[in-house]
Amino acid sequence: MTGGAALFWRYFTLRHWRRSPGSHAVLVVLLGVGVAAFLGIRLANRSATAGFEVFTETLGAGAPVTVESAAGAIPVDQLRGIRAAFGVRSVVLLPSVQTSVRLGDGSVDLVGIDVVAVRNLPEAAGDDGSLVPRTDAESAVFQDALRGEPVLLISPTAARRFGLSVGDALTLGSDSGAFAWRVGFILPEALDRGAAIFLGDLRTVQERTGREKSVDRVDVFPMPGVDMGESVRTAVQAALPPGLLLSTPGERQSVSQTLSAAFRMNLSALSLLALLVSLYLILQSLDAAVVRRREEIAVLRSLGVRAEQIKAAWMLEALTLGIAGSAVGILMGVLLARVSVGAVTETLGNLYVQGLSRGALWSGREVLTAFGLGVGASLLAGWLPARDAAMTPPAQSLGRGGRSLPIQLLDHPLYAVLALGVGAVFLRFPPLVLAGGVRFPLFGYLGATAFAVGMSILVCLLPPRVAKGVQNLRREDAMLRLAASQLRRLSGRHKLALAGLMIATAMAGGISLLVHSFRGTVTQWLDGQLEADLFISARGFQHPGSPVRIPTESRDLLLRHASVADAEYALMQRIRYQDQSAVLVGLSARREGSERIWLHRPADGLAVLRERGERVPVLVSEPWLRRFGTGVGDVVRIEAGGRTLEGIIRGVFADYANEHGSVVADAGVVAAFLGEDRTATLGLFLRNDEDVRAVRDELQTAFPALNVRDQRALREEVFTIFQQTFSVTAALKFIGVAVAVAGLLLSQISLFLERRSELRVLKELGCGRRELMAAGAWESGILALTGGTSGLLTSLGLGWILIYVINRQAFGWTLRYAVPLGSFLAFLIAIVFAGALAGGISGHKAASLPVENEE
Amino acid sequence: MFQGLARLGGMTAYVTLEHVSKSYGDREVLAGVSLVISAGERVALMGPSGSGKSTLLNCLGGIDRFDRGVIRIGDVDLGSASGEALTRLRRKQIATVFQFFHLLPTLSVLENAAFPLLLNGIPEKEALAKGREWMERTGLTHRMTAYPDQLSGGEMQRCAIARALAAGPKLLLADEPTGNLDSSTGDKILDLLETLTREQGITLVMVTHSETATRICDRTVHMLDGKVVEPVTA
Ligand SMILES: Nc1ncnc2c1ncn2[C@@H]1O[C@H](COP(=O)(O)OP(=O)(O)OP(=O)(O)O)[C@@H](O)[C@H]1O
Ligand SMILES: [Mg+2]
């Protein structure tokens, strides 16, 4: 019946759209907003997190395992030992050094890699966009250019940032002096990860930075078919020369990565909300259209159009809407991403010095996904109204008897109990573990959904009671009495509107609660992390496993510096604990003021570390707690270099920076235990009258091998970023309310349309526009009050699930549950007010409905 | 028995109703209606409001179901016919004209008339040409491109009649076709109905409240409380 479908599309869908272009445009834009929010968030997200990741992972992203040294750099003569540890397994070792060098008045990363090894890399190694060139024409240039000559291979970002092209000369400065280099090759755009990378041959870089005797890391690429699983890695680790550590990319997590992963997941939830909400809107509007066009449908039926044809015609209408809305949404989404990424990554870029990719904004896959989801959502949403249209009884409809949507689901409280029960069971399931060790809390999400569905069924029991309560407040109000009587026996349409409103509110509220908790936790934590005015580490230090350390003499000089009021420093050592990788931290805390976010706070806070007793007092991080199942009062035995340190856990603190767990003891104790006193990070607190910038510049010049960061500026910038990033959520909350209320408006208009005969009576009884508006306002207002309140209550539960189940399962840490009471209250008032307004508007419209034709 | 009667009268029964009943809840709206209508006959259906006239018409048109009894149109038994057969019947044999016109608002006057033809799979060009002939017959040629909301009541009913007859039905059901028109416009519509049904040999069942409207009919059937009170009189 394709001819028939075309006939309906041309004579009805298209004609209706042409007759009232305004209201259909609104519908298209509403769907567009949903798709745009989805796409915009995803694209912005992609780009922003891509930037985050560039921050740490500049090279060797393709290497499944990496060898690093705990003590410092890896001596060149240990390379043979490393090779031997892999035994008969066929692997390619790619040693590299990475240093910061001066270019102009900034600093860039110079990486030296072994050209000979690169030629032997397995084909697949560079596929994921790492900077390893493949063995084709490009790498031929690469190899020729690098053999012996001071030639650099630079990333497209580096070329753009410094205005370099092939053949240009440049001077890079290091502690060993300034050397002239030449740009030999610019990496293909496809390999650009947004960072300014300068690659040179390992030998040349070593010579020119005074590091002939060591490398920083050795990336290990297995040949195809070679197993690098957990057990193999354990065996290799055992065979490695002492002091060397094997790690996988998962273990090289950094602050930026876990935070960005958490944020990405939460933003994905947000973008899904946008889509769900537009699904609900389309359902409402198509349903309203069915009611409006009931007569047309009945005539068609009486002319001999089959029910299935009616259904197909309405599905076609939903499809048309889906295509138009998605197309508009994609345009808006790309724009949205442009704007929001402009705001967010601009700051991120400043923060991390290295540039962020702003080109990665167009992703065909994301666009296709958004398009598919938009069209799918509108088909899904079109299904109920289409079914309703097909079920239109011609005889009654030509006499205009309205019927409501039959939604059996919302009629049975038993289903609610069932949904809540299933949800509770889901929440007990562990997360799915995906490829690459990513934990996906599928059951957490399912549980949250079941919970929301259950609550939405229960909420349908409330309006008669709420209406009665409100009515008791104003007994003499006739229009309120009328509205309350409508709510006494809820129609399917009422229930759908109410459930939709409740779910939209609950999701917006839940997300808002999550973001509030996230923001509170992260700011407090960052406050602790970025407490010091200046943050100092050795150049090249990125994570606890990074071999570089601050020399002890430098540290002591810095501690005695005239501008320094107080300091806090940490020794860090990668350790094995119960056959897993963990970090031992020796902390020298300030006497006053330093705090942590505690899950279990010792009575005297960090000072507990200075207590001396039979066992060493230690603190562990939350991930440690979850990984090793030990808690306060338990004993930890840490072994390294044949010695054992026996500690007793006195407190547990939150740590969002790494997943593998840290154990913290006093710096003196750890130094004695490790026989090594070199500091990984050092925070300086300056005297109040000091100019942080000036001191930074002075120290940086005095200690070129160290990286001195102006933390006060950094702190301010980080907070700006967080504010900006979180402001996205305010927009989404607004979308949530707008949609819920638009849904209410549409359903209230349909209700009036359905009650035309009653309207006539009301008019004859002397109800004017004002009275009808009041009746509509009461009816929708009470629905909004019920839906909004129960939605916010539900959001408390959803937020709990998001924080204690979903986030914990995905990241192993807990946020501090914090309810944004003020924002909730404002939200509720906005919903009730907007709901009453929507009802008033529908009453206004109802007053001008023609009723003369009624029988 | 009724068929027998009709044969005795020398006419072919086209519509036959035997003891047709229908209830809404415990309220019996049709209480055993029996009626025989010959092919080409024009029947007026009269009775007080609520006596079940519209309900009976809807049952005849196959857009409403009845509970008991038999309705036969031509050789189709409506009670046992499949939904598919009813649809076919509505497309090819039965047409309805309503008191409130019920034109399709998105279609022009011409398209409204041609729509049943399009629905029957007739190519657009041919359907529109045929529609134009009907515009001429109903005197709407000058309003052909207008839309229903731009028409007067009389024009709307002409358009509805054109739409009803365009596909060449054998049975026309009209529910108070002049109920919403002033008397002179109503008269013209009645003339049009008479001319066209006579010309095309169409059987007409027309519900009306006006005695004058019965002038175009061969006989009048009276209903009261869901029953035919003056049984089959030729
Ligand atoms: N959908 C329905 N549900 C319940 N009762 C109905 C329904 N449709 C019609 N009725 C009842 O059936 C009875 C007959 O209705 P019907 O419309 O056939 O009357 P009518 O003879 O056409 O009256 P009028 O001359 O006023 O049009 C009426 O009492 C009406 O109330
Ligand atoms: Mg009637």
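Visitor: What do F8(A), Y11(A), F12(A) and F115(B) form?
Guide: F8(A), Y11(A), F12(A) and F115(B) make up one aromatic cluster. This is a predicted model, in which local features need pLDDT of at least 70, side-chain atom pairs count only at pLDDT 80 or more, and totals for chains, interfaces and linings use all residues. Side-chain values use heavy atoms, with hydrogens and water left out; residues are numbered from 1 along each chain as its sequence is written, while chains are lettered from A and ligands numbered from 1 in the order in which they are written.

Visitor: Where do F8(A) and F12(A) lie?
Guide: Both are in helix α1 (residues 2–19) of chain A, four residues apart, about one turn of the helix. A helix here is a DSSP run of H or I with at least four residues, a strand a run of E with at least two, and both are numbered from the N terminus.

Visitor: How do you know whether F8(A) is buried or exposed?
Guide: Its relative accessible area is 3%, so F8(A) is buried. The cut-offs: buried is under 20%, exposed over 50%, partly exposed in between (1.4 Å probe, protein chains only). F12(A), also at 3%, is buried.

Visitor: Why is the pair of F12(A) and F115(B) edge-to-face?
Guide: The ring centres of F12(A) and F115(B) are 5.4 Å apart and the planes stand at 90 degrees, so the pair is edge-to-face. F12(A) is in helix α1 of chain A and F115(B) in helix α4 (residues 109–119) of chain B, so this pair joins two chains.

Visitor: What makes R10(A) sit over the ring of Y11(A)?
Guide: The test asks for NZ of Lys or CZ of Arg within 6 Å of the ring centre and within 35 degrees of the ring normal. The charged end of R10(A) sits over the Y11(A) ring, 5.3 Å from its centre.

Visitor: Why is the site of ligand 1 shared between chains?
Guide: Residues from chains A and B surround ligand 1, so the site is shared. The shell holds 14 residues, R27(B), S49(B), K53(B), S54(B) and T55(B) being the closest. A residue counts if one of its heavy atoms lies within 4 Å.

Visitor: How do you know that R27(B) makes a polar contact with ligand 1?
Guide: A polar contact is a pair of N or O atoms within 3.5 Å; within protein, one must be able to donate a hydrogen and the other to accept it, and sequence neighbours count only if both atoms are side-chain atoms. A polar side-chain atom of R27(B) is 2.3 Å from a ligand 1 oxygen. For S54(B), the side-chain value is 2.7 Å.

Visitor: Where does S34(B) lie, and is S34(B) buried or exposed?
Guide: S34(B) is in strand β2 of chain B. Its relative accessibility is 15%, so S34(B) counts as buried.

Conventions:
Rings of Phe, Tyr and Trp (its six-membered ring) pair if their centres lie within 6.5 Å; planes under 30 degrees apart count as stacked, over 60 as edge-to-face and the rest as tilted.
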